[in-house]
Every structure is written in structure tokens, then in C-alpha cells.
Amino acid sequence: MRVLVIEDETKVGCFIKRALEEESYAVDLCEDGAKGFEMALATNYDLLVVDLMLPSMSGMDILRAVRRERIQTPVLILTAQSQIDQRVKGLDAGADDYLTKPFAIDELLARVRALLRRGVTESFGILQVDDLVLNLATREVTRSGQRIDLTLKEYALLEYLMRHTRRVLTRPMISEHVWNQDFDTFTNVIDVYVNYLRNKIDRGRTKKLIHTIRGSGYMLKAD
Ligand code: CA
């Protein structure tokens, strides 16, 4: 899942970025409001974390402009204690949640998880394809009940595949949601990671779950 953080306080922004990356998210950080808005339009992010007070364009203006563009990406607003009255405005303008600074990083991570769990809540945050199970809350992956240890990137890739089963996922789609803006699209990194995943998930098993769609990309499905 790829997150855009728009926050002009470098220390806070870097802290959030690092914490999210340790949870396997791909993160782009932007310190300028107008530039952040452009990034939100250019990339299909899974979540936006937006500070209210920003240079060149306020968080509230970004939120309104994003919703005007019919972008439904969940938005988590960061507010200072003194801006609490802005919360209601923010929620009215289409924010999905807000967090008051200073906040505990665990709370931010919990809210991010909750926002990204939307749509899979009916299964209690469990993604399952055949005997492959991924728990979004604990980030534990099992196949036939056996625990599978994954690196952060392998996990992020598998989560993306499992959220979009039975669909052809092209390399540009995968890179857009699993890697951040530093990703070099001219490498074969995606194929390398898919192979790592195959080794851990499909190797030695009769039923393969990760399928190569020749000329297009990959698909996760049970048959
Ligand atoms: Ca600020």
C-alpha cells in the first residue's frame, strides 16, 4: 500500500515516513502543499496523510481539491491542538479521520491500518486465497496453517496481490502501489520479488497461487 505524506515539518514528516516504511508501506513525503496536491493527482495512492498548515496550499484546500477531482483515496488529517475547530470542517470536506499533534506513533499506525482495512472489514481484516491467509492486523502470513516469514517488501507485494485477486496486475500497477517515487521502473525488481514470493508460497506445492500472465503481468488465484 502506498502512502503520500504531506507535512512541512521535516522532523515529523521523516518520523512518519520511517514508521510507515517499517510497517511495509511504500511512502512518498512532500513538504509543500501545492506540490503534494499535484502528486496526489498524478499517482493512485492508497492513503493520504495531510497536515493542515502547509506552505503554498493548506491541507484543507488540498482535501477539498482532491475530493473535487473525485479522488476517493482515504485522507487522514493532522491537526495541531490549536486547530481542533478545524476537525469538523475537515470531516465535512471529506476527510476520513484526523489525528491531533503531538500523537503517539502507534496511534497513527493503528488509524492508518483501520483506514486501509476498509473494504475488507467484512472479513475482519483477513485476506484469504485458498489455504493462503494474510492477517492485516498482525501481518502474519500462513499457508496450510504453516507460518511464512516474509521481508517487508515481500509482504507489501503479497498484500497488494491478495487485495486484487483474479485480476491481471501489470508491472506499472504493482510498482505504483508497492514501491515509492524512488523506484526505477526500468529494472526487473518486480519480477525478482515475485520470484522470492513464489519460492516461499508456491514452491513444492501442487496448487500454485501466483500466475504469470504472459506479456501483461501477474495474477493471484487459486486455480
Ligand atoms: Ca505544518
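Let me begin with a definition: a crossing of two helices is left-handed if the near helix is turned anticlockwise from the far one by less than a right angle, and right-handed if clockwise. Keep that in mind, everyone, as we look at the structure above, which is a predicted model.

So, which hand does the crossing of α6 and α7 have? It is right-handed. Helix α6 covers residues 152-163 and helix α7 covers residues 171-178. Their axes come within 10 Å and cross at roughly 120°. That angle makes α6 oblique to α7. If you wonder about those two numbers, here is the general idea: two packed helices are described by the angle between their axes and the distance between the axes.

Now let's see who meets whom. From α6 we have Lys 153, Ala 156, Leu 157 and Tyr 160, and they meet Met 173, Ile 174, His 177 and Val 178 of α7. Sorted by class, the residues of this contact are 6 nonpolar, 1 polar and 1 charged. Have a look at the numbering too, with this in mind: an α-helix has 3.6 residues a turn, so residues three or four places apart point the same way.

Let's stay with α7 for a moment. Which of its residues are buried? They are Ile 174, Ser 175, His 177 and Val 178. The cover over these buried residues includes α6, along with β1, β2, β10, α8 (residues 189-201) and β12 (residues 217-220).

On the α1 side, the contact is made by Phe 15, Ile 16, Ala 19 and Leu 20, and on the α5 side by Ile 105, Leu 108, Leu 109 and Val 112. What classes do they fall into? The contact of α1 with α5 has 8 nonpolar residues, no polar and no charged ones.

Next, please find the calcium ion. Which protein residues are its donors? They are Asp 8 and Asp 51, each through OD, and Met 53 through its O atom, lying 2.1 to 2.3 Å from the ion. Along the sequence, the spacing of these donor residues reads D-x42-D-x1-M. Distant parts of the chain are linked here: Asp 8 sits in the loop between β1 (2-6) and α1 (10-22), while Met 53 sits in the loop between β3 (47-51) and α3 (59-68), 45 residues apart. Asp 8 is partly exposed, at 28% relative accessible area, whereas Met 53 is exposed, at 56%.

Now for some backbone details. As background, most residues other than glycine have a negative phi, and most peptide bonds are trans. Where does this model depart from that? Look at the peptide bond from Lys 101 to Pro 102, which is cis, with omega near -5°. Pro 102 lies in the loop between β5 (97-101) and α5 (105-117).

Then there is Ser 24, which is not a glycine and yet has a positive phi, near 85°. You will find Ser 24 in the loop between α1 and β2 (26-30). Is Ser 24 buried or exposed? Ser 24 is buried, with a relative accessible area of 4%. Arg 166 also has a positive phi, of about 60°, without being a glycine. Arg 166 is placed in the loop between α6 and β10 (169-170), and at 52% relative accessibility Arg 166 counts as exposed.

Thr 151 is in the loop between β9 (146-148) and α6, and is partly exposed, at 39% relative accessible area. Leaving out residues up to four places away in sequence, Thr 151 touches Tyr 193 and Lys 200. Thr 151 and Tyr 196 are 45 residues apart in sequence, yet 9.7 Å apart in space, C-alpha to C-alpha.

Finally, Glu 140 is in the loop between β7 (132-135) and β8 (141-143). At 33% relative accessibility, Glu 140 counts as partly exposed. Its contacts, apart from neighbours within four places in sequence, are Val 133, Leu 134, Asn 135 and Arg 147. From Glu 140 to Glu 159 it is 19 residues in sequence and 11 Å in space, C-alpha to C-alpha.

Key
Residues numbered from 1 in each chain as written. Predicted model: local features only at pLDDT ≥ 70, side-chain atom pairs only at ≥ 80, totals over all residues. Heavy atoms only, no water. Axes fitted to C-alpha atoms, helices over the stretch in contact; angles between N-to-C directions. Helix = DSSP H or I, 4+ residues; strand = E, 2+ residues; numbered from the N terminus. Parallel < 35°, antiparallel > 145°, perpendicular 65-115°, else oblique. Contact = heavy atoms within 4.5 Å. Nonpolar A, V, L, I, M, F, W, Y, C, P; charged D, E, K, R; others polar. Donors = N, O, S within 2.8 Å, 3.2 Å for Na, K, Ca; no water. Buried < 20%, exposed > 50% of the residue type's maximum accessible area, 1.4 Å probe, protein only.
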